[in-house]
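User: I have a protein model open and want to go through it step by step. Can you take my questions one at a time?

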Amino acid sequence: MLPPDVGLAELHTHLGGSVASDIMWSLAHEQGISLPVKDYWGFDALVTVSDPRGVESLDELDAIYHWTELIQSSPLAVERSVHAAIAGAYRSQRITTLEVRFNPMKRNRGGERDLDHIILAATRGLDLARLEAEAAQLQLEVRAAEYLQPAVGAPPRPVAGAVQAAGQE
């Protein structure tokens, strides 16, 4: 058992799999998203990898991430998701060093939502989490190169990097 003042690190976690199902359920209903299931328990199975052995294929993982990305595809949903992922990891697992990754291109509903608003919403979520976890070393990584490359036919190159909350160096 670790002493209470020792924090843990998570250096690679994805936003789509980091938000608790009950928060995702609320976000889906607040946005009026039509879900293929009608009860919470069916929803939980829809958006989580419940088998400890993982999933059988990338297609199965993509089916899960389809729903998490759709639900997280608004500035408010991104802000709440980033806050919930970071603050939740801090509170429930004593994680004080955390890197959350997400691709804003997969959170804008095919161009319907403005990417600047999505990214700024993520930084607001990070700021809120920092207020709750002042001692934590928190970082949000915004990734888009892998997603943009096939669409434009150009070689992949970074289009965004780590985002720091206001006042952080």
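User: Is Asn 108 buried or exposed, and what is its relative accessible area?

Analyst: Keep in mind that this is a predicted model. Buried means under 20% relative accessible area. Asn 108 falls under that cut-off, so it counts as buried, with a value of 5%.

User: Where is Asn 108 found, and which residues does it touch, leaving out those up to four places away in sequence?

Analyst: Asn 108 is in the loop between β2 and α5. Setting aside residues up to four places away in sequence, the residues that Asn 108 touches are Ser 73, Arg 113 and Leu 115.

User: What is the phi of Arg 109, and is this residue buried, exposed or partly exposed?

Analyst: Arg 109 also belongs to the loop between β2 and α5. Its phi is positive, about 50°, although Arg 109 is not a glycine. Buried needs under 20% and exposed needs over 50%. Arg 109 has 26% relative accessibility, so it is partly exposed.

User: Where is Arg 94, and what is its phi?

Analyst: Arg 94 lies in the loop between α4 and β2. With 27% relative accessibility, Arg 94 is partly exposed. Arg 94 is a residue other than glycine, yet its phi is positive, near 60°.

User: Which residues touch the most other members of the largest nonpolar core?

Analyst: The largest nonpolar core holds 29 residues. Those touching the most other members are Leu 15, Leu 35, Phe 43, Ile 71, Val 78, Val 82 and Ile 86.

User: Which element gives the most residues to this core?

Analyst: The elements that give two or more residues to this core are α1 (21-30), α2 (40-47), α3 (58-71), α4 (75-93), β2 (95-102) and α5 (115-132). With seven residues, the one that gives the most is α4.

User: How many helices and strands does the protein have, and what pattern do they follow?

Analyst: There are six helices and four strands. Read along the sequence, they follow the pattern β-α-α-α-α-β-α-β-α-β.

User: What share of the contacts with a separation of 6 or more joins residues 24 or more positions apart?

Analyst: Here the count takes in contacts in the protein with a separation of 6 or more. Residues 24 or more positions apart account for 68%.

Technical notes: Residues numbered from 1 in each chain as written. Predicted model: local features only at pLDDT ≥ 70, side-chain atom pairs only at ≥ 80, totals over all residues. Heavy atoms only, no water. Core = buried A, V, L, I, M, F, W, Y, C linked by side-chain atoms within 4.5 Å. Buried < 20%, exposed > 50% of the residue type's maximum accessible area, 1.4 Å probe, protein only. Contact = heavy atoms within 4.5 Å.
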